[in-house]
Amino acid sequence: MASSAVDNVLPEALQFRPTSPLVDIGANLTHESFDRDLDDVIARAHAAHVNTMIVTGTDLAHAEQAIALSGQYPGLFATAGIHPHDASCWNAELANKMKALHAHPKVVAVGECGLDFNRNFSTPAEQEHAFEAQLALAAESGLPLFLHERDAGVRMREILAAWRDDISDAVVHCFTADRDTLHGYLDLDIHIGLTGWICDERRGHHLRPLVNDIPLERLMVETDCPYLLPRNLPAKLKGRRHEPALLPWIVKEIAQWRGISEAELGSATTQTAQRFFRLPTES
């Protein structure tokens, strides 16, 4: 279904083009809400200087879709993994299929994988089994890890510490936890991804004093769209679906709390993402 001319532009107040090109390290562009207007979503992202997007693969089907999109649109890359919610599905056949996907040139990370003890859609034991199996695949492929963690920081750090010498880089995406958890990840030389959660004064305010604890060379930014629409936007968005074109507003918020310019933060996070995911700098 084609989008209308009215729908294919952001409200003028939300059109924000930063001086530095940005990398959105977590965009769920395979979500059904993007089916009707993905061309426009990508165009709006480019207009906002978000030239590179990592499309998250959270299960086999979505990883395959993410790879397909990365072949269709310049500047898109994919991850391939099994989210902890779906860890109960892990088996030898799935492991072999994931291993094959990790060899695809457009796949830049193993994941989204990790632990989620908040909802426990799969049991903790199933989650840990699938997570360690994917750590083994990451060690074998040499790809970095795109990690999910919710209410499981202690166990996540224990497992990562045991594997740290075998895996390459890793990023905890959409970090929302506390200072102790943050410093535990930093002590393991783990990267941190921040989203629009920091723009939410109701539940993300605890992150604001923590942003200066994250070295710039370990910090990356993401929308996690269509989720986590930033609450610092100066105008309402029809439908309230988040998208990559709004990443500059997240950069603006983080830069404010870090006490540096948006240009400096944007440039640093882009360089970090390019290095972490081994992206071509011209993308």
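Glycine 111 lies in strand S4, which spans residues 107-116; helices (H or I, at least four residues) and strands (E, at least two) are DSSP runs, numbered from the N terminus. This is a predicted model, in which local features need pLDDT of at least 70 and side-chain atom pairs count only at pLDDT 80 or more, while totals for chains, interfaces and linings use all residues. Residues are numbered from 1 along each chain as its sequence is written, and side-chain values use heavy atoms, with hydrogens and water left out.

Glycine 111 is buried, with a relative accessible area of 0%, where buried means under 20% relative accessible area, exposed over 50% and partly exposed in between (1.4 Å probe, protein chains only). Apart from neighbours within four places in sequence, glycine 111 is in contact with Gly57, Thr79, Ala80, Gly81 and Phe146, contact meaning heavy atoms within 4.5 Å.

Methionine 98, again leaving aside neighbours within four places in sequence, is in contact with Asp59, Leu60, Ala63, Ala80, Gly81, Ile82, Trp90 and Leu137. Together with Leu29 and Leu160, Met98 touches the most other members of the largest nonpolar core, which has 86 residues; such a core is a set of buried Ala, Val, Leu, Ile, Met, Phe, Trp, Tyr and Cys residues joined through side-chain atoms within 4.5 Å. A second, separate core of 13 residues includes Val23, Ile25, Val108 and Ala109.

Met98 also takes part in a helix pair: Leu60, Ala63, Glu64 and Ile67 in H2 meet Leu94, Lys97, Met98 and Leu101 in H3. By class, this contact of H2 with H3 has six nonpolar, no polar and two charged residues, where Ala, Val, Leu, Ile, Met, Phe, Trp, Tyr, Cys and Pro count as nonpolar, Asp, Glu, Lys and Arg as charged, and the others, Gly among them, as polar. Helix H2 (residues 60-72) and helix H3 (residues 92-102) pack at an angle of about 15°, with their axes 11 Å apart; axes are lines fitted to C-alpha atoms, for helices over the stretch in contact, and angles run from 0 to 180 degrees between N-to-C directions.

In helix H6 (residues 179-187), the buried residues are Thr181, Leu182, Gly184, Tyr185 and Leu186. Their cover includes strand S5 (145-150), helix H5 (153-163), strand S6 (170-172) and strand S7 (191-194). Gly153, Met156, Arg157 and Leu160 in H5 meet Asp180, Thr181, Gly184 and Tyr185 in H6. After H6 comes aspartate 189, whose phi is positive, near 60°.
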